[in-house]
Amino acid sequence: MKALILNSGLGSRMGDITNTHPKCMTEIQDNETIISRQLNLLKECGITEVVMTTGYFNEVLQDYCNSLGLGMNITYVNNPKYMETNYIYSIYCAKDFLDDDIILMHGDLVFSKNVLKNVLSSVKSCMTVSSTLPLPEKDFKAVIHEGKIEKVGIEFFDDAQAAQPLYKINKDDWKVWLNNIIKFCENDNRKCYAENAFNEVSDKCSIYPLDVKNDLCSEIDNPEDLKKVSTILKNNNGCY
C-alpha cells in the first residue's frame, strides 16, 4: 500500500503564510507542520511508501521532508503545469508510481490518528465523511446512494454528507478511477477535480462512506481554518 499526498496547489487563500513555502509546510503546533503530521501518522500506522506530488516551492518541500529523517521512501513527482491545472493532472503525472492499493489525501488535510487507523482498517474502498457536520457551501460533499458514494463534488447537496479528501482505495477500484483520470487529462480536461473522473465511473469504482462524525478530519484552506485546527490540537494536548 502506498500513500499519495497531493501538494501541487498554490495555497493562495492562506495569504502571506504561503509566501515562502507550500501550504503543507504551515505550522499547526510547535514543531509540527501539516505535512510532518501526515507523514508521522502514516509511519506510525505502518505506511512507509509515499508518492508526493509537488508544484511551486518544489525543492523547498523536498528538502524539508527529507530533513525530517523519517526513513520513509518518498517519491516526489512535480507537476510542471501546476499554475494552469488542478490536482487531477498531478495524479496523471504520478500515474506510473500508483500500481497498488492507495491511501489518497490532500496535503492540507489534518486528521487524528484514530481517523487514519479506521481508514486503513476498512476492507472496502472508502472516503471519510461526517454525518454530524453541516453541509459546507464550497467544500466537498459526497452523495450516498444505497450505502455507496455515487458522486463527490462541491455542487451536490441532496442525499449528501460533508466529505473530506481522505481515501483508502483498493487496487482494483483505483485502476478504474485512475484510467478515467488518464482519459480526462489526455483529452485536455485538466482543470477539474479528480473526483469529476470518479463520478463518471462510480458504478464500477466502489467507494463507501466512512463516517468519522466529529473526529478531527479537516482541510486548512485559509487562516481561519488554521486557527480552528490549531486550537483543537492544543486543547487535546497534541494527542489527537
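Mentor: A salt bridge is a side-chain nitrogen of Lys or Arg within 4 Å of a carboxyl oxygen of Asp or Glu. Keep that in mind. The model above is predicted.

Trainee: Let me try one pair. How far apart are the closest N and O atoms of R190 and D188?

Mentor: They are 3.8 Å apart, and the pair forms a salt bridge. The general idea is simple. Side chains of opposite charge can pair when their charged atoms come close.

Trainee: Is D188 buried or exposed?

Mentor: Read the relative accessibility. Over 50% is exposed and under 20% is buried. D188 has 62%, so D188 counts as exposed.

Trainee: What is the phi of N31?

Mentor: N31 has a positive phi of about 60 degrees, and it is not a glycine. Its place is the loop between β2 and β3, the strand at 32-33. N31 is exposed because its relative accessible area is 77%.

Trainee: Back to charges. How many salt bridges does the structure hold?

Mentor: Eight. Among them is the pair of R13 and D221. The closest N and O atoms of this pair are 3.7 Å apart.

Trainee: What does the pair of R13 and D221 tie together?

Mentor: Find each residue on the chain first. R13 is in the loop between β1 and β2 (27-29). D221 is in the loop between β13 (217-219) and α7 (223-235). The pair therefore ties together parts that are 208 residues apart in sequence.

Trainee: Are R13 and D221 buried or exposed?

Mentor: Take them one at a time. R13 counts as exposed because its relative accessibility is 54%. D221 counts as buried because its relative accessibility is 9%.

Trainee: Which salt bridge joins D221 and a lysine?

Mentor: The side chains of D221 and K23 meet in one, at 3.7 Å from N to O. This pair also links distant parts of the chain. K23 is in the loop between β1 and β2, while D221 is in the loop between β13 and α7. They are 198 residues apart. Both K23 and D221 are buried.

Trainee: Which residues do salt bridges with shared partners join into one network?

Mentor: R13, K23, D108 and D221. To read such a network, look for shared partners. D221 pairs with R13, and D221 pairs with K23.

Trainee: Let's go inside. How many residues are in the largest nonpolar core?

Mentor: The largest nonpolar core has 36 residues. To read a core, start with the residues that have the most contacts inside it. Here they are L4, I91, L98, W174, W177 and I181. Then ask which elements supply the core. At least two residues each come from β1 (2-7), α3 (87-93), β6 (102-106), β8 (126-130), β10, β11, α5 (171-186) and α6 (194-201).

Trainee: Which element gives the largest share of this core?

Mentor: Helix α5 does, with seven residues.

Trainee: How do I read distances between residues?

Mentor: For S130 and E200 the sequence gap is 70 residues, and the C-alpha distance is 23 Å. S130 is found in strand β8. S130 is buried because its relative accessible area is 4%.

Key
Residues are numbered from 1 along each chain as its sequence is written. This is a predicted model: local features need pLDDT of at least 70, side-chain atom pairs count only at pLDDT 80 or more; totals for chains, interfaces and linings use all residues. Side-chain values use heavy atoms; hydrogens and water are left out. A nonpolar core is a set of buried Ala, Val, Leu, Ile, Met, Phe, Trp, Tyr and Cys residues joined through side-chain atoms within 4.5 Å. Buried means under 20% relative accessible area, exposed over 50%, partly exposed in between (1.4 Å probe, protein chains only). Helices (H or I, at least four residues) and strands (E, at least two) are DSSP runs, numbered from the N terminus.
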